[in-house]
Amino acid sequence: MRRFRKSNRPEHIVPQPGMQGADPGTLQNIDQLSVEEDLEGKTDKSYSQGQLVLRRFLRHRGAMVSLAVLVFITVLAYTSIGFGPIPGWWKHDYTMAGTVTDGGRPSLSLWPFQIGDQPFGQDNVGKDYFALVMRGTQRSLIIAFVVGIVSTVIGTAVGAAAGYFRGWVEAVLMRLTDLLIVIPLLVLAAVLGQISGGSIWALAFMLGIVTWTGLARLVRGEVLSLREREFVAAARAVGTSPLRIIVKHILPNTLGTIIVSATLSIAAAILLETSLSFLGFGVDAPDTSLGVLINTYQASFTSRPWLFWWPGIFILGIALSVNFIGDGLRDAFDPRQNRNKD
């Protein structure tokens with residue numbers, strides 16, 4: 001006789017006509033339960049919270065496409081012209097001038113498809129514009145990710161300390177945060193950009209130490225609610241140090257907020273660096289970035305628009321990709337905000 005083993009998972013709940021007036025929170029819990037059940041499938045296998053987050057993120061089509069675009073741009077930029085002592089596969093050097101051919105027009109053609117010798121064209125002195133754009137993309141990516149890391153570390157530390165210790169610690173840290181918020185970010189970044197002397201790493205670090213304020217306020221709010229929970233009280237009761245409580249018990253529960261904010265800060269850093277370089281306060285010559293290229297060839301917008309459009313397209317591609325990845329991470333960490341059909 002064949003036996004059927006009953007699954008421990010709750011069965012899928014379908015809202016009935018009588019549930020139309022139910023509490024919205026109840027309906028959200030039902031939707032979340034449906035998502036969890038769909039993720040687990042029809043097997044009895046259970047998943048950890050991290051595995052569920054990863055599976056939800058992989059189901060987000062926009063985030064997956066954006067991740068592929070960002071990886072493609074990064075790989076193209078660092079393998080084409082090389083990085084440091086590592087040579088690239090592209091034959092032209094971004095520092096070498098040459099003879100301008102065909103008015104510097106791009107040789108790239110979609111129909112019939114051909115790449116040609118100068119796919120992005122040439123600048124005024126005959127430099128290969130593809131190599132220049134790849135160099136600018138490298139520098140802009142370095143600035144974006146360094147700013148994202150530095151601002152995330154500082155914002156997380158300030159917000160966690162202010163939310164957990166309260167009292168004079170919170171007062172000092174939050175007043176410092178408010179002071180940086182009221183100063184226009186572009187003005188403050190321009191001053192620090194001048195102090196950095198045009199160094200790419202110094203500029204990235206300077207931008208990172210002024211862009212952490214939003215994350216600090218978010219983390220503080222999360223920590224304020226978590227510090228009153230039972231598991232934190234239990235950790236205090238057994239003599240656990242405040243640093244260990246923050247690192248081991250509180251911050252893991254704010255990981256979703258931190259990761260999403262970090263991805264959005266990377267996109268904001270790309271646009272901030274572009275603005276500074278466009279105004280002349282960012283990366284200095286002879287080095288270049290995407291913002292520097294737009295600033296240098298803005299006068300060519302009507303006569304040779306490809307000198308303006310190529311760096312603009314890469315800025316737009318990086319910023320949109322990072323934003324969509326952040327959107328996918330937000331939906332993965334909080335399934336109640338998931339607007340995608342699973």
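Trainee: Which residues of helix H7 (residues 200–208) are buried in this model?

Mentor: Ile-200, Leu-203, Ala-204, Met-206, Leu-207 and Gly-208 are the buried residues of helix H7. The label requires a relative accessible area under 20%. Please keep in mind that the model is predicted.

Trainee: Against what do the buried residues of H7 pack?

Mentor: Their partners are H4, helix H6 (185–195) and H11. Helix H6 has buried residues of its own, namely Leu-188, Ala-189, Ala-190, Leu-192 and Gly-193. The buried residues of H6 pack against H5, H7 and H11. After H6 comes Gly-197, with a positive phi near 70 degrees.

Trainee: Why is Phe-130 called buried?

Mentor: The relative accessible area of Phe-130 is 6%. The cut-off for burial is under 20%, and therefore Phe-130 is classed as buried. This residue belongs to helix H4.

Trainee: Which residues does Phe-130 touch, not counting those up to four places away in sequence?

Mentor: With those neighbours set aside, Phe-130 touches Leu-76, Ser-80, Trp-90, Pro-119, Phe-120 and Gly-121. A contact calls for heavy atoms within 4.5 Å.

Trainee: What makes Leu-176 partly exposed?

Mentor: Leu-176 has a relative accessible area of 41%. Buried would need under 20% and exposed over 50%, so Leu-176 falls in between and is partly exposed. Leu-176 is part of helix H5.

Trainee: Why does Arg-166 count as partly exposed?

Mentor: The relative accessibility of Arg-166 is 36%. That value also lies between the 20% and 50% limits, so partly exposed is the class that applies.

Trainee: What is the phi of Arg-166, and where does the residue lie?

Mentor: Arg-166 is not a glycine, yet its phi is positive, at about 55 degrees. Most residues other than glycine have a negative phi. Arg-166 sits in the loop between helix H4 (129–165) and helix H5 (167–182).

Trainee: Which helix gives the most to the lining of the second largest pocket?

Mentor: H11 does, with five residues. H4, H5, helix H8 (213–226) and helix H11 (255–279) each supply at least two residues of the lining. In total 19 residues line this pocket; Thr-211, Trp-212, Gly-214, Ser-265 and Ala-268 lie nearest its centre. The pocket holds about 300 Å³ of space.

Trainee: How many residues of each class does the lining of the second largest pocket have?

Mentor: The lining has 12 nonpolar residues, seven polar residues and no charged ones.

Trainee: How many helices and strands does the protein have?

Mentor: The protein has 13 helices and two strands. Of its 342 residues, 44% are buried.

Note on methods. Residues are numbered from 1 along each chain as its sequence is written. This is a predicted model: local features need pLDDT of at least 70, side-chain atom pairs count only at pLDDT 80 or more; totals for chains, interfaces and linings use all residues. Side-chain values use heavy atoms; hydrogens and water are left out. Helices (H or I, at least four residues) and strands (E, at least two) are DSSP runs, numbered from the N terminus. Buried means under 20% relative accessible area, exposed over 50%, partly exposed in between (1.4 Å probe, protein chains only). On a 1 Å grid over the protein atoms alone, a cavity is a set of points where a 1.4 Å probe fits but cannot get out, and a pocket is an open set with protein on both sides within 12 Å along at least five of seven lines; lining residues have an atom within 4 Å of a point. Grid points are joined across faces, edges and corners, and a volume is the space filled by probe spheres set on the points. Ala, Val, Leu, Ile, Met, Phe, Trp, Tyr, Cys and Pro count as nonpolar, Asp, Glu, Lys and Arg as charged, and the others, Gly among them, as polar.
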